[in-house]
Amino acid sequence: MEKQKLIIVEGPQGTGKTTLTNYLRDNIPGSNLYRLSGQKDKTNTGKEYSKKMYNALLEYLESMQEIPMDLIFDRTFFTEEVYARLGYKEYDFTDIYNELVNKLIGLNYDIYFISLYLENVELFRQRLDRESHHNYQSFSIENSVNQQNTYSQLVEGLMNKGINIIKLPMDDFAKSYEIIDDVFKLKEIR
């Protein structure tokens, strides 16, 4: 029996995570989409909350392994690690992050980590000028480029861990969808 897919979409603000995760949900039959935003507490108390929250999430994922449903996540604990590395948090999250990655790869899923980026960083300006957005972390091209570089480093650390890594440029949504269609064989499903 084929394993269920666990698809995690990560990337800096303005790359198109919401757009891509909606596309995946709409085109992968029997899938469920989860949007996680983390929590705002940037202190060591927040670190403990995050640790508990993400461990509970992994327990939930373990309980869902036998249900014939593909799971799509718009952000998970990878964002927490990126934000901590960039100093947006008062704490270091790497020890907990490494534990969470090891638990994740121990689950019985076909895991896909989709790392979004923009080749043309000027597109960040257009996308970040949108009227409605979350104010967890201030939106700026500089912040997004720093996040993009940190995600790139994070992806390098995930190589050879049994996770399907997809580095996906999101400059042109139509081209990005074609790549996703090929990876997940979505044309065959339609």
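**Stop 1: a lysine and its partner**

Select K89. With a relative accessible area of 6%, K89 falls under the 20% cut-off, so it counts as buried. Bear in mind that this is a predicted model.

The side chains of E80 and K89 form a salt bridge, 3.4 Å from N to O. Which class does E80 fall into, buried or exposed? E80 counts as buried, because its relative accessibility is 4%. Side chains of opposite charge can pair when their charged atoms come close.

**Stop 2**

The structure has 8 salt bridges by the rule used here. Two others are worth a look.

Select K47 and D95. Their side chains meet in a salt bridge of 3.8 Å, N to O. This pair joins distant parts of the chain: K47 sits in helix α2 and D95 in helix α4 (residues 94-105), 48 residues apart. Colour the two by accessibility. K47 is buried, at a relative accessible area of 15%. D95 is partly exposed, at 43%.

Next, select R25 and D26. Here the salt bridge is 3.3 Å from N to O. R25 has a relative accessible area of 35%, so R25 is partly exposed. D26 reaches 55% relative accessibility and therefore counts as exposed.

**Stop 3: the aromatic rings**

Switch to rings. The whole structure holds 12 aromatic pairs. Select Y54 and F77. How are their rings arranged? The ring centres are 6.0 Å apart and the planes stand at 70°, so the pair is edge-to-face. Y54 counts as buried at 2% relative accessibility. F77 is buried too, with a relative accessible area of 2%.

Now extend the selection to Y97 and F113. Together with Y54, F77 and F78, they make up one aromatic cluster.

**Stop 4: the cavity**

The volume of the largest cavity is about 40 Å³.

Select its lining: L6, I8, L57, L58, L61, F73, T76, F77 and L104. Colour the lining by residue type. It divides into 8 nonpolar residues, 1 polar and no charged.

Then colour by element. β1 (5-10) and α2 (44-64) each supply at least two residues of this lining. Which element gives the most? It is α2, with 3 residues.

**Stop 5: a loop glutamine**

Follow the chain on from β1. Select Q13, in the loop between β1 and α1 (17-27). Is Q13 buried or exposed? At 5% relative accessibility, Q13 counts as buried.

Now draw a distance from Q13 to K161. Their C-alpha atoms are separated by 26 Å, and the two residues lie 148 residues apart along the chain.

**Stop 6: zoom out**

The secondary structure comes to 8 helices and 5 strands. Trace the elements from the N terminus and you will read β-α-β-α-β-α-α-β-α-α-β-α-α.

Turn the model to look along each principal axis. The C-alpha trace spans about 45 × 35 × 30 Å. How does the radius of gyration fit a compact globule? A compact globule of 190 residues would have a value near 16 Å, and the chain has 16 Å, so the two agree.

Finally, colour every residue by accessibility. Buried residues account for 49% of the 190 in the chain. Among them are K89 and E80, where the tour began.

Note on methods:
Residues numbered from 1 in each chain as written. Predicted model: local features only at pLDDT ≥ 70, side-chain atom pairs only at ≥ 80, totals over all residues. Heavy atoms only, no water. 1 Å grid on protein atoms, 1.4 Å probe; cavity = no way out; pocket = protein on both sides within 12 Å on 5 of 7 lines; lining within 4 Å. Points joined across faces, edges and corners; volume = space filled by probe spheres on them. Helix = DSSP H or I, 4+ residues; strand = E, 2+ residues; numbered from the N terminus. Nonpolar A, V, L, I, M, F, W, Y, C, P; charged D, E, K, R; others polar. Phe/Tyr/Trp six-rings, centres within 6.5 Å; stacked < 30°, edge-to-face > 60°. Buried < 20%, exposed > 50% of the residue type's maximum accessible area, 1.4 Å probe, protein only. Salt bridge = Lys/Arg side-chain N within 4 Å of Asp/Glu carboxyl O. Rg over C-alpha atoms; globule rule 2.2 N^0.38 Å.
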